[in-house]
Every structure is written in C-alpha cells, then in structure tokens.
Amino acid sequence: CHRCPLGSTCEDDGSSTITNLKLDSGYWRTSSTSSQLYECPLGSTSCLGGHNASYLCEDGYKGPLCALCAKDYYFDFDE
C-alpha cells in the first residue's frame, strides 16, 4: 500500500488504485497509471481533477498541465 499523493483523494474504504485515483481540482497527471501529480499553474480554472485522466482539462484548455488553449480559444493575459 502507498500513501495517496498530495493533490489526490483516496476512498475511505481502501478501494483506491493508481488507475482510479481521484485527483483534486487544480491537479494533473500524465496518465491514469502515473502516481506523479502536478499542480496546475492556472489552478482549478483549467484543471478539473477527478478520476478520468483523459478528461482532466476544463473546456477550452488542453495539453500538459492544461496550460494550452484548445482550438478556437485564446489566452487573455489580463485575467
């Protein structure tokens, strides 16, 4: 057994595995098999968190750390 990494929430019943690890909002990982979590530079604005490593970014964001704009979106430096 391993301690749940910072930026994740493990189930109270001990049923968590690396593939179903729930990420907290504002965190990202490279895949569902990675135990290395990264804090998103744009926080919960871009990183949803949750169980599904394929859908960790909010609408309009993509890429590593959800720090890139998706097609048809632009970044506003004033916000």
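This is a predicted model: local features need pLDDT of at least 70, side-chain atom pairs count only at pLDDT 80 or more; totals for chains, interfaces and linings use all residues.
A residue counts as buried under 20% relative accessible area, as exposed over 50%, and as partly exposed in between. Cys69, at 26% relative accessibility, is therefore partly exposed.

The structure holds three disulfides, and with the bonded cysteines counted along the chain their pattern is 1-2, 3-4, 5-6. Cys4 is joined to Cys10, with the sulfur atoms 1.2 Å apart. The torsion about that S-S bond is -100°, a left-handed link. Both ends are partly exposed, Cys4 with a relative accessible area of 27% and Cys10 with 24%.

Cys40 and Cys47 are bonded at an S to S distance of 1.8 Å. Their S-S torsion is about -95°, so this disulfide is left-handed. Cys40 and Cys47 are buried. In the disulfide of Cys57 and Cys66, the sulfur atoms lie 2.0 Å apart, and the link is left-handed with -85° about the S-S bond. Cys66 has a relative accessible area of 0%, so it is buried.

Turning to the aromatic rings, the count comes to one pair. Trp28 and Tyr38 form it, tilted, with 6.2 Å centre to centre and 50° between the planes. The pair links distant parts of the chain, since Trp28 sits in strand 3 (residues 27-28) and Tyr38 in strand 4 (residues 38-39), 10 residues apart. Trp28 is buried at 13% relative accessible area, whereas Tyr38, at 37%, is partly exposed.

Terms used: Residues are numbered from 1 along each chain as its sequence is written. Side-chain values use heavy atoms; hydrogens and water are left out. Rings of Phe, Tyr and Trp (its six-membered ring) pair if their centres lie within 6.5 Å; planes under 30 degrees apart count as stacked, over 60 as edge-to-face and the rest as tilted. Helices (H or I, at least four residues) and strands (E, at least two) are DSSP runs, numbered from the N terminus. Buried means under 20% relative accessible area, exposed over 50%, partly exposed in between (1.4 Å probe, protein chains only). A disulfide is a pair of cysteine sulfur atoms within 2.5 Å.
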